[in-house]
Amino acid sequence: PFMDAVKELAANAGLEVPAPDPRSQERAKRQATLHDVMAAAQAWFAEQLDGLEGAEARAYCQRRGIGAAAIKRFGIGFAPDRRNGLRKALAAHGDDKLIDCGLLIRVEDEPKKEPYDRFRG
């Protein structure tokens, strides 16, 4: 196995292999899930640009000389002017992850108020 080979090579070189840090493993796992959330959000924003509500944004892109190829290449999307559009679409990921990604805003002074989409319109 790979780790055995690493340990053997380290021993031959007179080095110690550092023990795995559970905190860094947890951080890496969390990062991967936040990347997944961001990828899902980008896909949703791109889908919205192609939808009915994205017509004005598409026209704006066209006026600015941003063609369909550039939109696709750079993953450009559109955030509809709704308070909870993204939140509802990505509900499976949970509010905490959406907040950690900066996609939702939590109202600090009002704990009873629900988080809302950061990007709208």
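Modeller: Before the questions, one term: a nonpolar core is a set of buried Ala, Val, Leu, Ile, Met, Phe, Trp, Tyr and Cys residues joined through side-chain atoms within 4.5 Å. The model discussed here is predicted.

Colleague: Which residues touch the most other members of the largest nonpolar core?

Modeller: This core has 13 residues. The residues that touch the most other members are Ala41, Phe45, Leu86, Leu98 and Leu103.

Colleague: Which element gives the most to this core?

Modeller: With five residues, the element that gives the most is α2.

Colleague: Which residues does Ala41 touch, not counting residues up to four places away in sequence?

Modeller: Ala41 belongs to the largest nonpolar core and is among the members with the most contacts inside that core. Leaving out residues up to four places away in sequence, Ala41 touches Leu86, Leu90 and Leu103.

Colleague: Is Cys61 buried or exposed?

Modeller: Buried means under 20% relative accessible area. Cys61 has a relative accessible area of 8%, so Cys61 is buried.

Colleague: How many disulfides are there?

Modeller: A disulfide is a covalent bond between the sulfur atoms of two cysteines. To be counted here, a pair of cysteine sulfur atoms must lie within 2.5 Å. Cys61 is buried at 8%, and Cys101 is buried at 18%. By the distance rule, the count of disulfides is zero.

Colleague: Where is Arg87?

Modeller: Arg87 has 16% relative accessibility, so this residue counts as buried. Its contacts beyond four places in sequence include Leu98, Leu104, Pro115 and Asp117. The element that holds Arg87 spans residues 85-89 and is helix α5.

Colleague: Which residue meets Arg87 in a salt bridge of 2.8 Å, N to O?

Modeller: Asp95 and Glu114 are both among the contacts of Arg87. Asp95 is partly exposed, with a relative accessible area of 24%, whereas Arg87 is buried at 16%. The partner whose side chain meets Arg87 at 2.8 Å is Asp95.

Colleague: How many residues apart are Arg106 and Asp96?

Modeller: Arg106 lies in the loop between β1 (104-105) and β2 (116-117), and Arg106 is partly exposed at 39%. Asp96 lies in helix α6. Their pair links distant parts of the chain, and the number of residues apart is ten.

Colleague: What is the distance between the closest N and O atoms of Arg82 and Glu53?

Modeller: Arg82 is in the loop between α4 (68-74) and α5, and Glu53 is in the loop between α2 and α3 (55-63), 29 residues apart. Arg82 is partly exposed at 33%, and Glu53 counts as partly exposed at 42%. Their salt bridge has its closest N and O atoms apart by 2.5 Å.

Colleague: Which residues does Asn84 touch, not counting residues up to four places away in sequence?

Modeller: Asn84 is found in the loop between α4 and α5. At 19% its relative accessible area is under the 20% limit, so Asn84 is buried. With residues up to four places away left out, Asn84 touches Pro115, Tyr116 and Asp117.

Colleague: How far apart in space are Arg118 and Asp21, C-alpha to C-alpha?

Modeller: Arg118 lies in the segment after β2 and is partly exposed at 42%. Leaving out residues up to four places away in sequence, Arg118 touches Gly102, Leu103, Leu104 and Ile105. Arg118 and Asp21 are 97 residues apart in sequence, and their C-alpha distance is 34 Å.

Colleague: What is the area of the nonpolar surface patch made by Phe2, Met3 and Val17?

Modeller: Val17 lies in the loop between α1 (2-12) and α2. Val17 has 31% relative accessibility, so it counts as partly exposed, and residues in a patch need over 30%. The patch made by Phe2, Met3 and Val17 has an area of about 310 Å².

Note on methods:
Residues numbered from 1 in each chain as written. Predicted model: local features only at pLDDT ≥ 70, side-chain atom pairs only at ≥ 80, totals over all residues. Heavy atoms only, no water. Helix = DSSP H or I, 4+ residues; strand = E, 2+ residues; numbered from the N terminus. Buried < 20%, exposed > 50% of the residue type's maximum accessible area, 1.4 Å probe, protein only. Contact = heavy atoms within 4.5 Å. Patch = residues over 30% accessible without salt bridge, like charges linked within 9 Å, V, L, I, M, F, W, Y side chains within 5 Å. Areas by Shrake-Rupley, 256 points an atom, 1.4 Å probe, with all protein chains shown as cover. Salt bridge = Lys/Arg side-chain N within 4 Å of Asp/Glu carboxyl O.
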